[in-house]
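Subject: Two-chain model, handover and notes

Hello,

Please find the structure below.

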Amino acid sequence: MTPFNPIPRPPALPLPGGYAAGVQEPTGKVDREELPELQDIKVRGRSLRTWVISAGVVLLVISAAFGGLEKAADETPQVGAGTAIDAGQFEVTIERVVVVTDLKPLFTPDDGGVLLAVVTTMKLTDDTGVTPPRDLIRLIDVPGVKATEGALGTTNQRDQTPNPVLTPDRGEIVAYVWKLPKATDLPKEVKLTVQGYKHVDESVLDHYEKWNTDKIAAESTVTVKDNTK
Amino acid sequence: MTARKLVNVVLVAVVLVAIVGLYRLTPTRKDIQQPVAVKGVIGKPVKTPRFELTVEGVQLSKKLRVPRTTPDRDTLSDFVVVSAVVKATREPIHLQKVEIRTSDGITYLGANRSGLKQVDLTGFEFAPDIPARGSFVVEMPADQLPGAILLVTERSIFTALEPQATVPLGVEKDQLDALRKDVAIFTTASDL
């Protein structure tokens, strides 16, 4: 195979006057093609700004058909005991937090341990009866309890029914119960979170609807009442 | 805009609407996952492939006496006690999910008060071909009862395409007072 040998270009012939062919007379500055300003650029007769705004409007219209843009995440609200918290599917009011030696026959602590109960008023705002979700309340920074751990169980105050069925639009007093192990200093106050739930409604393309876990609805710091003595 | 462009825009819109419309005619996840209603009337057996349910009557009360427990229970709304006869037709079964759906579309789940499961029909094991009489209990406002429907399913979860006995309770507004008791008392579920 013959190697590629470019033909050497002959040197430019000197022209009369001492100028090479194709070389312009030096003017002292380099000439460049003037670029138009961004706002002056036209595409199919319309300015770039018009095209960008139009594209944005079209995108927003299309997104609106699929539920629109999501709101930016806000800071988790800090809510004290006694104030109703909108958790989507439920309206939750943290009433008090108590430590007790046992809640027989439903809940019994491990040897030497105690039980911690977060007492709430739960109002089911949805139109379908359910039992309280285990992950609604979580404790944060309580010794002996993992922050990711849901409650041991729930019970109503009315007749100690475990995992009680909630009636739509009625506020039932429900306690969330955790075990605290032996040799754990009883907390003076606890920080807890209330999980929010989001209703996934029917979209343009599907009739499906359900409640999904959403962001944390609120955080609360509540003084613990010691009922072990 | 020329007439041709206008026609194109209209055609695109028509096609998009047709796509969405046709898609919505196809069975959705909800259609596939919901139970299959087996409709009946009060006083006559509703025959599903796996059980028969005969609703005999309804009583209302603010208090409920659960056999073998004290004290009488109270409620934030009303106790609706539905007496019924159930017969399994193929194999031993439990009826784990009971609901009452009102004409407004609100669904009240069967009560699970402590001690209730030991005596009502949701805790009873039905033997094949042996009818049993007992009660279902639902907590709901009594004034929502006119037009309400009792829904009974064998399983509480994974009810996709499961037969669901669907019985209108047939309670009229002027019958509510007659159905009300001071204390709703029901007998423990048992074989007939």
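Two strands are said to pair if DSSP finds at least two bridges between them. Helices (H or I, at least four residues) and strands (E, at least two) are DSSP runs, numbered from the N terminus.

By these terms, strand E9 (residues 189–200) of chain A and strand E10 (residues 210–226) of chain A run antiparallel and are joined by eleven bridges. Within that pair, Glu189(A) stands opposite Thr223(A) of E10(A). E10(A) is also joined to strand E4 (residues 90–100) of chain A, by three bridges and in parallel. There, Val99(A) has Asp226(A) as its bridge partner in E10(A). As background, strands of a sheet pair through backbone hydrogen bonds, either parallel or antiparallel.

The model is predicted: local features need pLDDT of at least 70, side-chain atom pairs count only at pLDDT 80 or more, and totals for chains, interfaces and linings use all residues. Residues are numbered from 1 along each chain as its sequence is written, while chains are lettered from A and ligands numbered from 1 in the order in which they are written.

Chain A

Chain A has one helix and ten strands. Read from the N terminus, its elements are β-β-α-β-β-β-β-β-β-β-β. A residue is counted as buried if 20 or more other C-beta atoms lie within 10 Å of its own, exposed if 12 or fewer, and partly exposed in between, with C-beta atoms placed from the backbone. Of the 229 residues in chain A, 24% are buried. Two residues are in contact if their C-beta atoms, placed from the backbone, lie within 7 Å. Of the chain A contacts between residues at least 6 apart in sequence, 66% join residues at least 24 apart.

Confidence is given as pLDDT, the predictor's own score for each residue, from 0 to 100. The average for chain A is 83, and 81% of the residues score at least 70. Residues 12–25 of chain A fall below 50, and this stretch has four contacts in the model beyond near neighbours in sequence. Where pLDDT is low, the predicted coordinates should not be read in detail.

Two loops of chain A have backbone features to look at. The peptide bond from Lys104(A) to Pro105(A) is cis, with omega near 0°; Pro105(A) sits in the loop between E4 and strand E5 (114–124) of chain A. Asn163(A) is not a glycine, yet its phi is positive, about 50°. Its place is the loop between strand E7 (153–156) and strand E8 (171–180) of chain A. Asn163(A) counts as partly exposed because 14 other C-beta atoms lie within 10 Å.

Chain B

Chain B contains three helices and eleven strands, in the order α-α-β-β-β-β-β-β-β-β-β-α-β-β from the N terminus. Of its 192 residues, 33% count as buried. Among its contacts with a separation of 6 or more, 75% are between residues 24 or more positions apart.

The C-alpha atoms of chain B fill a box of roughly 85 × 40 × 30 Å along the principal axes. The radius of gyration, taken over C-alpha atoms, is set against a globule rule of 2.2 Å times the number of residues to the power 0.38. Chain B has 22 Å, whereas a compact globule of 192 residues would be near 16 Å. Chain B is divided into domain 1 (1–33) and domain 2 (35–191), with bounds that come from an automatic or database domain assignment. The centres of the two domains, over C-alpha atoms, are 44 Å apart.

Chain B has an open sheet of five strands with mixed pairing, in the order E1-E9-E8-E5-E6. Strand E1 (36–39) and strand E6 (107–109) of chain B are the edge strands, each pairing on one side only. Within the sheet, strand E5 (residues 97–101) of chain B is joined by five bridges to strand E8 (residues 149–153) of chain B, and the two run antiparallel. Arg101(B) stands opposite Ile149(B) of E8(B).

The loops of chain B can be checked in the same way. A cis peptide bond joins Thr70(B) to Pro71(B), with omega about -10°, and Pro71(B) is in the loop between strand E3 (51–65) and strand E4 (73–88) of chain B. Asp129(B), a residue other than glycine, has a positive phi near 65°. Asp129(B) lies in the loop between E6 and strand E7 (132–139) of chain B. With 10 other C-beta atoms within 10 Å, Asp129(B) is exposed.

Regards
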